[in-house]
Amino acid sequence: MNPTKTRIKDILWHGCKALLCAAQLWVFHYVTMKSVGNLMSFLYTELVVREGEPAEVLLSLIHPVTLILLFFFLWRYYDNVDDRSFNRFCDTYKDQTKAPNLLKEVPYAVGFAVTVLCATPVISASLIPALKFTGMRHGEYTAVATAAALVLVVGLSVLRLHRRSVIWIVQKDLRTGNEKTRWGRRIFYAVIFFGAIYALLFFGFSTLVPFWGSLILGILRLLWKPILIIGGILFLWLFVIRSVRRIIDRRKFMKKLAKMRERGELSYEVHGSPYLSVFSERIFFGLTITDAPHPDGHRKKDVTYKVAFANCRYRRGLVILCPNNVYRFVYSINFRTIAQQNWGGLSVASSRIVSMPVASFHTNHSFDFPEGEGKRILLVDPAPRMLCMYGYREGELMTLDNDSEIFGYTVYGKNSFVNLLERT
């Protein structure tokens, strides 16, 4: 294949994709302007008459906030279904393990430039009504709106390309090479996506929100204190308490290793950040452990372990280990129903609650072992409800346990690994 023709096709592809997204954003801009009129009249009666000008300023932010969210989700959706760009990425960076800077590639740079040129004016136009309340002149609030829109578009686009590079560098190792792009299905779903957003903007702002708005606002006015307390408790449990518990568990693990080192049973070197890695899968943490032989054991020589960590977040999840140092979180949405059971054809029947999976999705993450020679160990922290690998048949999963050897490394939970070090 001619490299020049391929490069021109890539440039046209990314430029046209950015134009398509920008054109849809402009359509949604005009739909929002028309449909938000009914919403504004409703909210003006409910809020502005009672609360005054501050509420009116907040209402003027509905349009720009909606467009910024649409800008993010539009480009993200088309990146997710862009099989052609993903395949080209896999072919270009097939031997690379670190995420590249896509802005250094001309096709992505062209798509970035088209995005900035076409999306900045529409975001700027949506910001102007809110800036009018500041008392600035026409030229001043136009300049401020343009500058703010430019910063938003450029910043979100850079983050989007960086995240796309990080995701694809992991996903490329999971590609089997047999994927075929089904253009008809992609186009069909893209049309449905556009129609769904169009209907949501038109009917949501003009019909649904005014219809349900008074009821919701009435409930919030009456029960805002209990709702605030429940929201605070959920925030503490989901984010603060869980994070603190995981840091405490990680600290206990590190203290056990330190005590074993003080007793002369082993030595270790820390790579990366043991505590910051709790908050993100992208923060590296690993260990190089040299385990001395136990006096009562059969081993007579030191053993070096190269330890990597798979940050699994939740204990009740399903985690699938894949080749090339990739692990996959699987999230499922279950529907609970009551099932009847008959026992042996008898007239005795019982009922029980059964969870039926409705939908599922997954996210992929990678891990790295410290450099050097040694036995490679993967610590899954925290240990999930189910740890699996793909079987030999499509859709088959094979469960894994401590001391399972796959893909060139051995899997343990951190407590089981400490017990192994104490025994050997």
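Nine salt bridges are counted in the predicted model. Side chains of opposite charge can pair when their charged atoms come close. Arg84 lies in helix H4 (residues 83-92) and Asp10 in helix H1 (residues 3-51). The two residues are 74 residues apart, and the pair links distant parts of the chain.

Two packed helices are described by the angle between their axes and the distance between the axes. For helix H3 (residues 62-80) and helix H6 (residues 138-171), the axes come within 11 Å and cross at roughly 30 degrees. Because angles under 35 degrees count as roughly parallel, H3 is roughly parallel to H6. The crossing of this pair, H3 and H6, is right-handed. On the H3 side, the contact is made by Ile68, Phe71, Trp75, Arg76, Asp79 and Asn80. H6 contributes Leu152, Val153, Leu156, Ser157, Arg160, Arg164 and Trp168. Sorted by class, the contact of H3 with H6 holds seven nonpolar, two polar and four charged residues.

H3 also packs against helix H5 (residues 106-131), where the axes come within 8 Å and cross at roughly 160 degrees. Angles over 145 degrees count as roughly antiparallel, so H3 is roughly antiparallel to H5. The H3 and H5 crossing is right-handed. From H3, the residues His63, Pro64, Leu67, Ile68, Phe71 and Trp75 take part. They meet Thr115, Ala119, Val122, Ile123, Ser126 and Leu127 of H5. The residues of this contact of H3 with H5 comprise nine nonpolar, three polar and no charged. Ile68, Phe71 and Trp75 of H3 are listed in the contact with H5 and also in the contact with H6.

The remaining pair is H5 and H6, whose axes come within 7 Å and cross at roughly 140 degrees. H5 and H6 are therefore oblique to each other. The crossing of H5 and H6 is again right-handed. In the contact of H5 with H6 there are 19 nonpolar, six polar and one charged residues.

Two features of the backbone were noted in loops between strands. The peptide bond joining Asp381 and Pro382 is cis, with omega at about -5 degrees. Pro382 is placed in the loop between strand E7 (375-381) and strand E8 (386-390). Asn324, a residue other than glycine, has a positive phi, near 60 degrees. Asn324 is found in the loop between strand E4 (318-322) and strand E5 (326-342).

Confidence in the prediction was considered last. The protein averages a pLDDT of 79, and 78% of the residues score at least 70. Over residues 48-53, however, the pLDDT is below 50. Beyond near neighbours in sequence, this stretch has eight contacts in the model. The pLDDT also stays under 50 over residues 346-350. For residues 346-350 the model has nine contacts beyond four places in sequence. Where pLDDT is low, the predicted coordinates should not be read in detail.

Key. Residues are numbered from 1 along each chain as its sequence is written. This is a predicted model: local features need pLDDT of at least 70, side-chain atom pairs count only at pLDDT 80 or more; totals for chains, interfaces and linings use all residues. Side-chain values use heavy atoms; hydrogens and water are left out. pLDDT is the predictor's confidence in each residue, from 0 to 100. Contact means heavy atoms within 4.5 Å. Axes are lines fitted to C-alpha atoms, for helices over the stretch in contact, and angles run from 0 to 180 degrees between N-to-C directions. Helices (H or I, at least four residues) and strands (E, at least two) are DSSP runs, numbered from the N terminus. Angles under 35 degrees count as roughly parallel, over 145 as roughly antiparallel, 65 to 115 as roughly perpendicular and the rest as oblique. A crossing is left-handed if the near helix is turned anticlockwise from the far one by less than a right angle, and right-handed if clockwise. Ala, Val, Leu, Ile, Met, Phe, Trp, Tyr, Cys and Pro count as nonpolar, Asp, Glu, Lys and Arg as charged, and the others, Gly among them, as polar. A salt bridge is a side-chain nitrogen of Lys or Arg within 4 Å of a carboxyl oxygen of Asp or Glu.
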